[in-house]
Amino acid sequence: MLTEEEKTKIEAEIRENEQKQAACIGALKIVQAHRGWVSDEAIKDISELLDMTPDELDGIATFYSLIFRRQVGRHVILICDSVSCWIMGYENILDRLKNRLGIELGETTPDGRFTLLPVACIGLCDHAPAMIIDKDIHGDLDEEKIDDILSGYV
Ligand code: FES
């Protein structure tokens with residue numbers, strides 16, 4: 001069930017668009033901002049407000065990699081796996097992250113602190129390899145920087 005606050009914000013988002021369905025990404029982001037992710041139940045509730053089927057909305061949510069359809073940790077690490085980052089050492093950074101966190105891509109640490117996910121180019125190619133944690137961008141990564149960066153997220 002959507003909260004009154006979520007509904008109010010989604011209705012405001014709908015009013016800003018000529019077609020209800022155009023508010024779908026905004027609506028998904030509103031719910032994710034409140035809950036950290038978007039559950040099946042939330043997909044159903046949002047789709048009713050947008051006059052869409054849950055399957056239609058789920059297709060959009062699943063396509064858009066920054067909408068999380070599974071529960072995530074307190075902090076989400078999005079590591080760029082596109083060409084520039086790949087060339088500049090993505091694999092070493094990923095190995096370090098996996099080693100330090102004890103998880104694979106797509107997983108969440110048992111303490112719920114971090115989720116590690118891949119993402120396509122984040123537009124920081126001139127500072128590759130790069131990653132985003134929550135809303136923070138981290139570029140020019142090397143293995144030594146990883147521990148320091150992770151320690152900033154509790
Ligand atoms: S390829 Fe990684 S930021 Fe562009």
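Mentor: Buried means under 20% relative accessible area, exposed means over 50%, and partly exposed is in between (1.4 Å probe, protein chains only). The structure is a predicted model in which local features need pLDDT of at least 70 and side-chain atom pairs count only at pLDDT 80 or more, while totals for chains, interfaces and linings use all residues. Residues are numbered from 1 along each chain as its sequence is written, and side-chain values use heavy atoms, with hydrogens and water left out.

Trainee: Is Ile 77 buried or exposed?

Mentor: Ile 77 has its place in strand 1; helices (H or I, at least four residues) and strands (E, at least two) are DSSP runs, numbered from the N terminus. The relative accessible area of Ile 77 is 0%, so this residue counts as buried.

Trainee: Which residue of strand 2 is the bridge partner of Ile 77?

Mentor: Contact means heavy atoms within 4.5 Å. Leaving aside neighbours within four places in sequence, Ile 77 is in contact with residues including Phe 114, Thr 115, Leu 116 and Leu 117. Of the residues in strand 2, the bridge partner is Leu 116.

Trainee: What distance separates the C-alpha atoms of Ile 77 and Pro 118?

Mentor: The two residues are 41 residues apart along the chain. Strand 1 (residues 75-80), where Ile 77 sits, runs parallel to strand 2 and is joined to it by 6 bridges. The C-alpha atoms of Ile 77 and Pro 118 are separated by 8.2 Å.

Trainee: Which strands are the edge strands?

Mentor: Two strands pair if DSSP finds at least two bridges between them. The open sheet has 4 strands in the order 2-1-3-4, with mixed pairing. An edge strand here pairs on one side only, and this holds for strand 2 and strand 4 (136-138).

Trainee: What is the bridge partner of Leu 78 in strand 3?

Mentor: Strand 1 and strand 3 (residues 131-133) run antiparallel, joined by 3 bridges. In strand 3, Leu 78 is partnered by Ile 132.

Trainee: Which strands does helix 7 touch?

Mentor: Helix 6 packs on the sheet, with strand 1, strand 2 and strand 3 touched. Helix 7 (residues 143-151) also packs on this sheet, and it touches strand 1, strand 2, strand 3 and strand 4.

Trainee: How many of the residues of strand 2 are buried?

Mentor: The loop leading from helix 6 (90-101) to strand 2 (114-119) holds Thr 109, which counts as buried because its relative accessible area is 7%. Residues up to four places away in sequence aside, Thr 109 touches Leu 101, Ile 103 and Phe 114. Strand 2 itself is mostly covered, the number buried out of its 6 residues being 5.

Trainee: How many Å separate the centres of domain 1 and domain 2?

Mentor: Domain bounds come from an automatic or database domain assignment. The protein is divided into domain 1 (4-63) and domain 2 (75-151). Taken over C-alpha atoms, their centres are separated by 28 Å.

Trainee: Which helices are included in what covers the buried residues of helix 3?

Mentor: Helix 3 spans residues 40-49, and its buried residues are Ala 42, Ile 43, Asp 45, Ile 46, Ser 47 and Leu 49. What covers them includes helix 1 (4-15), helix 2 (24-35) and helix 4 (54-63).

Trainee: What is the N to O distance in the salt bridge of Glu 4 and Lys 7?

Mentor: Both residues lie in helix 1, 3 residues apart, which is about one turn of the helix. Glu 4 is exposed at 59%, and Lys 7 is partly exposed at 27%. Their side chains meet in a salt bridge with an N to O distance of 4.0 Å.

Trainee: How many residues apart in sequence are the parts that Arg 100 and Asp 147 tie together?

Mentor: The salt bridge between Arg 100 and Asp 147 has its closest N and O atoms 2.8 Å apart. Arg 100 lies in helix 6 and Asp 147 in helix 7, so the parts tied together are apart in sequence by 47 residues.

Conventions: Axes are lines fitted to C-alpha atoms, for helices over the stretch in contact, and angles run from 0 to 180 degrees between N-to-C directions.
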